[in-house]
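These are my notes from an afternoon with one model. I went through the sheet, the helix packing and the backbone in turn.

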Amino acid sequence: MNTSQVVLITGASAGIGYATAIAFARHGTHVIATARRAERLAGLERAVNSLPAPHGDILTITADVTDSDAMQRAVASGMERFGRLDVLVANAGLGQRGPLVDAPWEDIEIVLRTNIDGVLHSIRAAVPALRQSGGGQIVLISSVAGQVALPYAATYAATKAFVSSLARSLRLELESDHIGV
């Protein structure tokens with residue numbers, strides 16, 4: 001059984017998720033990296049595998065956080081490969097700019113599904129594995145936009161306010177499971 005820490009990072013193919021995956025792997029943590037774009041995940045895998053030894057292993061999984069079954073499968077694959085889960089970084093998210101009333105509903109809906117449903121699906125998939133591992137940490141990526149009024153970013157700001165509120169509630173809800181949020 002491998003005793004290294006294991007982190008699941010959503011939205012790991014670019015930006016904060018990519019940098020977080022590299023940083024964890026560089027410090028010896030095993031990484032389960034999910035994103036929608038397989039070709040970008042392949043680039044992340046190459047980057048992790050080219051780090052100076054020793055480094056953590058990486059398991060890349062093409063998955064969309066808006067699909068609860070995909071997130072359940074990602075956690076199951078990670079548990080099968082590494083035997084544990086210690087950290088969830090729920091990073092996957094989308095922005096949307098423009099006047100709320102003029103935006104096509106499809107543009108608004110994908111932001112809502114990714115930034116709200118995706119976070120919920122990730123948490124609901126990860127918590128049983130975190131409990132099985134004896135506890136751990138959940139990191140939810142929010143934004144200052146969730147705390148201040150920004151014109152032409154109402155949908156994005158509202159989803160990030162949701163994430164911040166969710167984090168405060170989950171911190172209390174999961175404390176007895178030794179899961180920090």
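I took contact to mean heavy atoms within 4.5 Å. Helices (H or I, at least four residues) and strands (E, at least two) are DSSP runs, numbered from the N terminus.

The model is predicted, so I kept to the limits set for it: local features need pLDDT of at least 70, side-chain atom pairs count only at pLDDT 80 or more, and totals for chains, interfaces and linings use all residues. Residues are numbered from 1 along each chain as its sequence is written, and side-chain values use heavy atoms, with hydrogens and water left out.

**Entry 1: α1 and α2**

I looked up which residues of α1 meet α2. Tyr18, Ala21, Ile22 and Ala25 in α1 touch Gly43, Leu44, Ala47 and Val48 in α2. I sorted this contact by class and found 7 nonpolar, 1 polar and no charged residues. For the classes, Ala, Val, Leu, Ile, Met, Phe, Trp, Tyr, Cys and Pro count as nonpolar, Asp, Glu, Lys and Arg as charged, and the others, Gly among them, as polar.

Two packed helices are described by the angle between their axes and the distance between the axes. Axes here are lines fitted to C-alpha atoms, for helices over the stretch in contact, and angles run from 0 to 180 degrees between N-to-C directions. For α1 (residues 15–26) and α2, I noted an angle of about 25 degrees and axes 10 Å apart. The two helices are therefore roughly parallel to each other (angles under 35 degrees count as roughly parallel, over 145 as roughly antiparallel, 65 to 115 as roughly perpendicular and the rest as oblique). The crossing of α1 with α2 is right-handed. A crossing is left-handed if the near helix is turned anticlockwise from the far one by less than a right angle, and right-handed if clockwise.

**Entry 2: the sheet**

Strands of a sheet pair through backbone hydrogen bonds, either parallel or antiparallel. I counted two strands as paired if DSSP finds at least two bridges between them. In what order do the 6 strands stand in the open sheet? I read the order as β3-β2-β1-β4-β5-β6, with parallel pairing. β3 and β6 (179–180) are at the edges with a single partner strand each, so one side of each has no neighbour in the sheet.

I then checked two pairs. Strands β4 (residues 87–90) and β5 (residues 136–140) run parallel and are joined by 4 bridges. Within this pair, Val87 is opposite Gln137 in β5. α1 packs on the sheet and touches β1 (6–10), β2 and β4, and its direction makes about 170 degrees with that of β1. α2 also packs on the sheet, touching β2 and β3, at about 175 degrees to the direction of β3.

Strands β2 (residues 30–35) and β3 (residues 58–62) run parallel, with 5 bridges between them. Val31 has Ile58 in β3 as its bridge partner. From β2 the chain goes through α2 (residues 38–49) to β3, in a right-handed β-α-β crossover. Right-handed here means that, with the strands pointing away from the viewer, the path from the first strand over the helix to the second runs clockwise.

**Entry 3: α4 and its two partners**

I found α4 (residues 105–132) packed with α5 (residues 154–173) at about 15 degrees, with axes 9 Å apart. These two are therefore roughly parallel. α4 passes α5 in a right-handed crossing. The contact includes Ile108, Val111 and Leu112 of α4, and Thr155, Tyr156 and Thr159 of α5. By class, this contact has 12 nonpolar, 3 polar and 1 charged.

α3 passes α4 in a right-handed crossing. Among the residues in contact are Ser68 and Met71 of α3 and His121 and Arg124 of α4. I noted 6 nonpolar, 5 polar and 1 charged residues in the contact of α3 with α4.

**Entry 4: backbone exceptions**

Most residues other than glycine have a negative phi, and most peptide bonds are trans. Which two residues does a cis peptide bond join? Ala53 and Pro54 are the pair, with omega about -5 degrees. Pro54 is in the loop between α2 and β3.

Tyr152 is not a glycine, and its phi is positive, near 65 degrees. I located Tyr152 in the loop between β5 and α5. His178 has a positive phi of about 60 degrees and is not a glycine either. Its place is the loop between α5 and β6.
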